[in-house]
Amino acid sequence: MKLLDPAAKKDMEECKKRARAAGLVFPDDTLEYFVTNRDMLELSPKVMIPTLYDHWIQDLEVVRSKWIYEAFPHNPYETVINTRPPISFYNADNADWLNVMIFYHVLAHIDFFQNNIFFRKTWDDDFCGQALADKRLINHIRKELGAEKRWVDYVIEFSSAIGNLVGYYPELEEASRQDAPEVFGRVSEKTDFYFGHFLKQRYEAKVIDLKFFFDEVERRNLFLRNHGRERGEVAFFEDDYLKSRFPEFNDVFRKWKEKNHKPKPKDLFEHLAENSEFLNKEKNRWMKDVLQVVRRTNLYFQAQIRTKNCNEGWASLWHERLFIPDERIKTRETDYAKVNAGVVVDPRIGLNPYAFGKHMLEFIEDMARRGKLSRGYQLIKDAEIRKHYNCGSGEGFAKKVLFEARKYFDDRLLLNFLSDDDFQDFTDKHKFFVVGARLSPTKWGMAELYIKSKSGIEYRRLLNKHLYHPPHIVIDEKRSADGGLYLVHEYEGRTLFTKHIPEVLIGLEFLSGGCVALETTEYEEVNMKPQWKHFWEGTEPEFKKERVRYTCKDKEVERTVL
Amino acid sequence: MCLEVDFAELFERRRTVVKEFMTELDILGENSAAKERLEKLFGAGRDKRLSAKISALESFDDLLNRDKKREDDGFKPKIKFRRILVGPNKIIVVPYVEEEQFVHGEFEPTNIAQLSQLSDEKEKDIGETIGHGDGEIGDIIREEPLRDSGGDGDGDGDGQDPGKNAGQESGDHGFEEEAYEAGKKRMEQLQLPNTKEKRKKIPTDEYVYDLIDRHKGSGQLLDKKETLKRIVRTNIFLGRINEDNLDPSKMIVGPQDKVFRVLSRERVWKSQAVVFFLRDYSGSMYGEPTRALISQHLDIYGWLLVQYERMVVPRFVVHDTEAKEVSARQYFKLSSGGGTSIISGYKKINEIVEGESLDKDYNVYVFQGTDGDDWVKGSGQTLAELKKILGYVNRMGVTVFKHPYHIANGRKTTFEEYIEEGGILQERDVFRMHVMSSEEVTEEMNIEAIKALVDQD
């Protein structure tokens, strides 16, 4: 691995100028490295973060990748790390002209990372530095544990088993509340305490009446109107009227804060760290550190997982728009066309996120350009009128919408932004369809794949089903009160993969130090028979839905139908 | 993406398009293969969930120690191994782990008891995904085989699309372990018996060196006894020995009296064996029975290597309605999806043995795997071919993977029936048959089968 040579760096800086001129936003300082295929293979199990903590399973992945490479040589062009400063890796085998195209692609990725709100929790982080600190912490724990260091691997393994349940959205929500309290109707902790606890308590004790409560609300609003949000609140609490009526208020608030104020755990990791007696034993406190490292790492990658189509579509769109007019493409037009076609090709069967994301963004931009993102347009049902509709909103608005899409969309929002009619236009334009597979009526042992439907609704239904969506599993606080852990899987039309359940529960039992239960929904066959029996009897299995509970105690997992 | 295999539809197809030689078990196996094939094609199914199914960097022993420690610490072993024979005397050990998480499964039934009366419309498709391009609704855009074939199949695990699951369990990689050593370990572990050899020993290219040749006057090691005898003889000739008053100090030692031992090069003579592995790769053997069978054959090969001190030539034959000799790698990978005709396999083995006169110089072994399903019009010809084999083999061992349907009904398979009728089971010195379930096969069941097949009375 080595830094770009001066000539390549100069090319990159030129790309930056042009990308900025087109509207992309990214920091001045970026780090670029040339890497060999071997480097790439070694970095990929660590998700291209060289400083990520070590775990033996990553070592296994390194060798697997090498084997894959030997069997099927492939050359990834680039990889970008979302960190500060942004780091990107370029295959040392890339041709110079190709690198220019890739620089544009990478700059668009960096722009996406640092402007899309789903990455907002990573905007201020130097994740490589954080990962290095975490790696050193884990190595230090291993060193301290000596011969018992394998327990670090167990804790990494057990906490990784819940890595996909990390509280990504609660973290985003908290950030949003802090950034825009007025949007979320959030009041300060002190105001919340005064009206929500202090006055409520006195009303229940009949010290004050309801009128007093409303008068106080009105008095606070008056202070806010007169002095502004921040100063108004201070003035409200410092006002002599309140001080004379409730001189004890500040002391009561301070004590309440000390005693009761604990933020609610945002996920299973935080719940365990806070409530597990086992983890909170002095000798096991290192496990909480490991748990936090695994949580942090999983949180970091959540945004990337959920924006695959958007992110790749955005990068593909911009490498095309910026590289084609670039004079450095001269004499390489055919080569570029070939490479680009490989990147953004729509496969006959299946989905290419690069192509799909690019098509969606371009389609939305074009709708904005023609003024189709309007209520008036949405009411038009005539296909011909819709097709030729153009109220000339212009390039400026189109660009604004495109960049807003980059800012606010993840894959799910991108896919579901358009109305059904608009999405139908999109599928028609790009000739997307639903493929059905049926047994061939003429050839034994063959299936026919045929065009089943061109319905946008059906196409979108299939795509939605395919998007990343981990199961929604919540903690039942009441039933977890006795030192155990009671999890409830909220059924969203999809059952859990049951084979994995026991092992995850055993890991959770270790971390929680008590009995662990998981409630979920499963299907059970009515009058269960082996598949072959149905075959012989010409019948079909029939299922009933039921709620079940898996309980893990002393590493034994039991299933009970509720 | 989403997949519902309509078994009723498949069943119906079975009635209408019945290929010659296809038995019911063949058709059932075909259906299972089709389901897996479409799951792979549409990106659904198990492969997606087991993305962490990977191979290992640490040495074999390190990995085993890691798992041993896990057990000591009260957790289940995590590292799994698959052994694959990739050529004569070469085994690949592929370790992999599976990282468990709470994830959504793929099983979402449409035929739900409480709702079934609401849905009259029956889904006729066996799968659904998305696509792109020209064409009208109803146009057929591609035909796909309902099962993987060629270099892909039961033995080696999964399909190997580049960049997807590529190489995950490829046979070219992994820990190379000499099959002989592996066999030795397994013999100790399973306590397998020694064989009885039938054929003469043949000289090999191996030599041993020993101090057994004698040389007068010079050499490596003085042969004291022989030297003393020669000294006595020389002195008797010279008349320097008085029988009544023996005085060794007066004896003369000539230069040629000293006899030394020198190195001698000796050619090693060994028995040699040829082993035929015969596998039914028809539709009915799809999946678990094939995986169990190749595991058994791998162990048996290791056992024979130890018995014959590496002088074993493996030959691999697969059959559906026709038999063919294949390479080791193909043997562990191929699947066909055709019907079943066991006689084709027997004929092939006899043809090879007779054609190459193998029975004269080799101890011949035949190990066969079948589900007992056979499309026969009469057992006479099959038995005749089988008896021909029994005429020259040291041992023939057949594992019958009996379908639970037959077990549940107490029904004998076609193969079992004609083996019993033909009195083959009485020929215990050369023939063994082991019957086991074709589903939910455990390692213990495989070991029991191996022991039964190689048992020596």
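In chain A, helix H7 (168-179), helix H8 (189-204) and strand E7 (472-475) each contribute at least two residues to the lining of the second largest pocket, where helices (H or I, at least four residues) and strands (E, at least two) are DSSP runs numbered from the N terminus. This is a predicted model, in which local features need pLDDT of at least 70 and side-chain atom pairs count only at pLDDT 80 or more, while totals for chains, interfaces and linings use all residues. Residues are numbered from 1 along each chain as its sequence is written, chains are lettered from A in the order in which they are written, and side-chain values use heavy atoms, with hydrogens and water left out.

**The second largest pocket**
- A pocket is an open set of points on a 1 Å grid over the protein atoms alone, where a 1.4 Å probe fits, with protein on both sides within 12 Å along at least five of seven lines, and its lining residues have an atom within 4 Å of a point.
- The lining comprises 36 residues, of which Pro170(A), Glu173(A), Lys264(A), Pro265(A) and Lys266(A) lie nearest the centre of the pocket.
- H7(A) provides the largest share of this lining, namely 7 residues.

**Strand E13 of chain B**
- Strand E13 (residues 393-402) of chain B is mostly covered, with 10 of its 10 residues buried, that is, under 20% relative accessible area with a 1.4 Å probe and protein chains only.
- E13(B) pairs in the parallel sense with strand E12 (residues 363-370) of chain B over 7 bridges, and pairing requires that DSSP finds at least two bridges between two strands.
- Within E13(B), Arg395(B) is the bridge partner of Tyr365(B).
- E13(B) also pairs in the parallel sense with strand E14 (residues 431-437) of chain B over 7 bridges, and in E14(B) the bridge partner of Val400(B) is Val435(B).

Conventions: Buried < 20%, exposed > 50% of the residue type's maximum accessible area, 1.4 Å probe, protein only.
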